Amino acid sequence: MASEKELFVTKQYVPTGAPISENDHALIYKVKCIAEPGHPDGVLKIYRKQNIKKLYNQLRLLDYSEWPHIYSVRYFDDSTLVVEEYLKGNTLAELLERNRARNTTFSEEDAYHIMEQVSRYIGELMSLQPPVIHHNLKPSNIFVTTTGRVKFLDFAPEYRKKKTSFSSILHTLGSIFHEMLTGKKPKNQKCTCGKRYEPIIRKCMENNPEKQYQNMQEMQSDLKEAKNRVLEDDSREGIGIPYTLTIPFQGILLSFEWLLLIFFYEKENLPSAILFTAIFLIHGGCFAVRRFSFLHKKGVSLGVVRTLLPLLALAAVFAVLYLAVINIIVPST
């Protein structure tokens, strides 16, 4: 007769392939949840030589949206087996690694959206009786779904004996926020992320607990205040786009290239016309990409009207220059 454990993994929650992840402490499989209505996909986590059934049963009963829904918790052969819903998306660690490969960072809007959820969830869980503390908070245990929702993974395995203080949680949040905004972890606890959220990160990473946030509600308030203040500053300062990336400055250069392009084309000087066509297209493409990248990193959305009006004005300038070349400049030469 098959044992209860064998029935669990062959009839109820069946692995669909090789392990997703494996280390000295845990083994993780994607499974088909035959025991659940609709047979959804799930994740089976086997925590080796750890009895954390009580912790995960507590999380299962609470069933908060801050972590994946837990289908089942069992304890077999000195190991805890946890079956959770299968999430679509990526861990924050994977997103940070992808950004490093692309030599980019999170936009401030996206970084705020993630950190606002993380800090709010921590505050909500700490307010429970008894409080729920995530003792293993790090980018690989913060999951961002395809819809932008944040979920916590891997709550406090038993092998992590050291208790986590509120001060260390703040240090972790400050480091994660800094890495999202700059692509790098802060060196020697120094924050160099720029004006927007730098005071918040500095306060999280204060070595003196008395100068840190005393609760998550304070951090939440500062996050919202900083976001709103920055939006007002951006509106008042014209977003602070570097002059070399403004449409008036680049428009003058593009207009000059367009003028030469049309002139040589009308003069039937094809080599020169082709040369300035290439210069015009490459310049215009590089300008568009650099401007978009800058605005994306700043977390700025100009809207359809503010984006199209300058382009339409530039197109009108090109049309006027075209008419001037074929009707005035070419005939006179």
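What does leucine 308 count as by its relative accessibility, and why?

Modeller: The model is a predicted one, and every value below is computed from its atoms. Leucine 308 counts as partly exposed because its relative accessibility is 43%, a value that falls between the limits of 20% for buried and 50% for exposed. Leucine 308 belongs to helix α10, which runs over residues 303-332, and is one of the members of a nonpolar surface patch that also takes in Val304, Val305, Leu309, Leu311 and Leu312.

Rolling a probe the size of a water molecule over the atoms shows where empty space is left. The count of cavities of 30 Å³ or more comes to one, and the largest cavity holds about 60 Å³ of space. Its lining is made up of Ile122, Leu125, Met126, Val132, Ile133, His134, Leu137, Phe152 and Ile169, which divide by class into eight nonpolar residues, one polar residue and no charged ones. Helix α4 (residues 108-126) supplies the largest share of that lining, namely three residues.

The largest pocket, for its part, contains about 700 Å³ of space. It is lined by 26 residues, of which Ile28, Lys45, Thr91, Ser140 and Leu153 are the closest to its centre. Strands contribute here: β3 (26-33), β4 (41-48), β6 (79-85) and β7 (89-91) each give at least two residues to the lining of the pocket, and β4 gives the most, with three. By class, the lining of the largest pocket consists of 12 nonpolar, eight polar and six charged residues.

Charged side chains are the last topic. Side chains of opposite charge can pair when their charged atoms come close. There are 11 salt bridges by the rule applied here. In one of them, the side chains of lysine 32 and aspartate 41 meet with 3.0 Å from N to O, and Lys32 and Asp41 are also linked with Lys30 in a network of salt bridges. Lysine 32 counts as partly exposed because its relative accessibility is 31%, and aspartate 41 counts as partly exposed at 29%.

A second salt bridge joins the side chains of arginine 100 and glutamate 179, at 2.8 Å from N to O. This pair links distant parts of the chain, since arginine 100 lies in helix α3 (residues 92-101) and glutamate 179 in helix α5 (residues 166-182), 79 residues apart. The two partners fall into separate classes of accessibility: arginine 100 is partly exposed at 39% relative accessibility, whereas glutamate 179 counts as buried because its value is 5%.

In a further salt bridge, arginine 202 pairs with glutamate 198, and the closest N and O atoms are 2.8 Å apart. Arginine 202 and glutamate 198 are four residues apart in helix α6 (residues 198-204), and therefore about one helical turn separates them.

Definitions and conventions. Residues are numbered from 1 along each chain as its sequence is written. This is a predicted model: local features need pLDDT of at least 70, side-chain atom pairs count only at pLDDT 80 or more; totals for chains, interfaces and linings use all residues. Side-chain values use heavy atoms; hydrogens and water are left out. Patches are made of residues with over 30% relative accessible area and no salt bridge: like charges are joined within 9 Å, nonpolar side chains (Val, Leu, Ile, Met, Phe, Trp, Tyr) within 5 Å. Accessible areas come from the Shrake-Rupley method with a 1.4 Å probe; for residues, only the protein chains shown count as cover. A salt bridge is a side-chain nitrogen of Lys or Arg within 4 Å of a carboxyl oxygen of Asp or Glu. Buried means under 20% relative accessible area, exposed over 50%, partly exposed in between (1.4 Å probe, protein chains only). On a 1 Å grid over the protein atoms alone, a cavity is a set of points where a 1.4 Å probe fits but cannot get out, and a pocket is an open set with protein on both sides within 12 Å along at least five of seven lines; lining residues have an atom within 4 Å of a point. Grid points are joined across faces, edges and corners, and a volume is the space filled by probe spheres set on the points. Ala, Val, Leu, Ile, Met, Phe, Trp, Tyr, Cys and Pro count as nonpolar, Asp, Glu, Lys and Arg as charged, and the others, Gly among them, as polar.
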